[in-house]
Amino acid sequence: VINGLMEREDWQQAIQTPLGILPGGSGNALAASIHNYSQLPPAWNEELLLSCGFMLCKGLVGSLDLVSVHLASRQRLFSFLSLAWGFVADVDIESEKYRHVGAIRFLMGTLVRLASLRVYQGRLAYLPAKEAPKPSKKNVMATHPTSTSLCSSFPCHLIPNVSPKQSSLTNCTDMNINQNSITNYSNVITNMRPETQSNNMTTSLVDSLLPSLDQQVPENWTVVNEEDFVLVLAIYQSHLAEDLWTVPGAMADDGLIHLFYVTAGISRPALLRLFLAMEKGSHLACGCPHLVYEKVRALRLEPISQQGMITVDGEVVEYGPIQAQVHPGMAKLICG
């Protein structure tokens with residue numbers, strides 16, 4: 001859906017359409033993340049579906065970061081969840097054969113892949129994220145809106161042309177915070193605005209942080225010394241699955257790519273403990289020397305191993321050099 005909206009000539013307007021989700025799959029990472037952002041107790045299966053249904057009824061709208069992903073073939077995708085290489089991608093795709101058993105497919109896939117753990121060679125580089133300045137306490141109530149109403153998120157021309165007294169839209173405007181405050185706060189948090197460039201009559205989104213894939217990364221990027229990895233995972237939501245709380249501090253619009261990688265040398269029991277701890281979001285407290293976590297704005301991955309899989313939002317993409325950049329608050333998300 002997101003890539004369909006971004007391919008339109010009027011993508012700047014189309015991507016502002018509020019998107020909602022009702023979980024019906026086996027992973028349901030986005031649904032679990034939205035539920036988590038509402039500070040509700042953990043929920044699974046039908047309880048998660050019910051929670052997301054209530055959120056759609058509430059109709060509150062927040063921002064959603066999108067990540068622009070470039071493949072070696074020059075194809076560009078827009079991602080809302082994750083980019084994975086190695087163990088996570090292998091488990092995700094290889095467990096498709098167990099989809100009929102539901103979410104337990106990932107546990108089965110994990111055990112199978114642990115039995116024959118693979119190590120992948122590649123080069124990884126990233127642009128570290130700088131902490132955005134925090135608004136002062138004096139202005140925090142005026143400049144920190146959590147969400148707006150659903151009806152206020154649609155373009156005005158979608159509403160029938162009636163007077164304010166006749167329009168039901170006026171019932172919702174009292175819930176909205178001054179739009180200038182929303183814009184000002186968005187600029188503070190992201191410290192950047194999406195850049196566009198005109199090409200004839202079409203304006204396209206510019207990935208200003210990314211050089212061409214055939215060029216070296218800029219000097220302000222960090223190049224990882226290790227070349228032997230068990231997994232690389234870039235995720236932008238809190239959950240990787242219903243029962244995998246991967247980034248406890250993540251938000252849908254934090255403007256960050258949360259980069260995890262596990263280097264070679266980790267034992268099978270240690271890797272299993274990490275994923276079991278991830279169910280409660282305590283994996284970062286395990287003190288595993290092979291696990292690295294970084295907050296980044298952009299990244300590049302160049303596989304050296306000839307065989308492997310790379311997934312974007314759980315779908316296999318072209319295997320080869322890949323790079324990505326976050327665009328804060330590009331889309332709109334119906335949330336709690």
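Colleague: Let's start with I310. Is this residue buried or exposed?

Modeller: Buried counts as under 20% relative accessible area. I310 has a relative accessible area of 0%, so this residue is buried. Bear in mind that this is a predicted model.

Colleague: Where is I310 found, and which residues does I310 touch?

Modeller: I310 is in strand β14, which covers residues 310-312. Not counting residues up to four places away in sequence, I310 touches L83, A84, W85, P303, E315, V316, V317, E318, Y319, G320 and I322.

Colleague: What does the whole chain look like in numbers?

Modeller: The chain has 11 helices and 16 strands. Of its 336 residues, 46% count as buried. Take the contacts between residues at least 6 apart in sequence: 75% of these join residues at least 24 apart.

Colleague: Now to a single helix. How many residues of helix α3 are buried?

Modeller: Helix α3 spans residues 29-37 and is mostly covered, with 9 of its 9 residues buried. They are A29, L30, A31, A32, S33, I34, H35, N36 and Y37.

Colleague: What covers the buried residues of α3?

Modeller: The cover includes α4, β10 (239-241), β11 (244-245) and β16 (322-335). While you are there, look just after α3: Q39 takes a positive phi of about 60 degrees.

Colleague: Which side chain is joined to H35 by a polar contact of 2.7 Å?

Modeller: That is the side chain of S51. S51 is found in helix α4, residues 45-58. With a relative accessible area of 10%, S51 is buried. Leaving aside neighbours within four places in sequence, S51 is in contact with H35 and L40.

Colleague: And which side chain makes a polar contact with that of Y37?

Modeller: The side chain of Q237 does, at 2.7 Å. Q237 is found in the loop between β9 (228-235) and β10. Here a relative accessible area of 0% makes Q237 buried.

Colleague: Which backbone oxygen lies 2.9 Å from a polar atom of the Q237 side chain?

Modeller: The backbone oxygen of F80. Setting aside neighbours within four places in sequence, the residues in contact with Q237 are L30, S33, Y37, L64, F80, L81, V247, A250 and A252.

Colleague: How should I read a pair of packed helices?

Modeller: Two packed helices are described by the angle between their axes and the distance between the axes. For a case here, take helix α5 (residues 87-94) and helix α6 (residues 105-115): their axes come within 8 Å and cross at roughly 125 degrees.

Colleague: Why are α5 and α6 called oblique to each other?

Modeller: Angles of 65 to 115 degrees count as roughly perpendicular and those over 145 as roughly antiparallel. The crossing of roughly 125 degrees lies between those ranges, so α5 and α6 are oblique to each other. The crossing of α5 past α6 is right-handed.

Colleague: Which residues meet where α5 and α6 are in contact?

Modeller: From α5 come F87, D90, V91, D92 and E94, and they meet R105, F106, G109, T110, R113 and L114 of α6. By class, this contact has 4 nonpolar, 2 polar and 5 charged residues.

Note on methods. Residues are numbered from 1 along each chain as its sequence is written. This is a predicted model: local features need pLDDT of at least 70, side-chain atom pairs count only at pLDDT 80 or more; totals for chains, interfaces and linings use all residues. Side-chain values use heavy atoms; hydrogens and water are left out. Axes are lines fitted to C-alpha atoms, for helices over the stretch in contact, and angles run from 0 to 180 degrees between N-to-C directions. Helices (H or I, at least four residues) and strands (E, at least two) are DSSP runs, numbered from the N terminus. Angles under 35 degrees count as roughly parallel, over 145 as roughly antiparallel, 65 to 115 as roughly perpendicular and the rest as oblique. A crossing is left-handed if the near helix is turned anticlockwise from the far one by less than a right angle, and right-handed if clockwise. Contact means heavy atoms within 4.5 Å. Ala, Val, Leu, Ile, Met, Phe, Trp, Tyr, Cys and Pro count as nonpolar, Asp, Glu, Lys and Arg as charged, and the others, Gly among them, as polar. Buried means under 20% relative accessible area, exposed over 50%, partly exposed in between (1.4 Å probe, protein chains only). A polar contact is a pair of N or O atoms within 3.5 Å; within protein, one must be able to donate a hydrogen and the other to accept it, and residues adjacent in sequence count only if both atoms are side-chain atoms.
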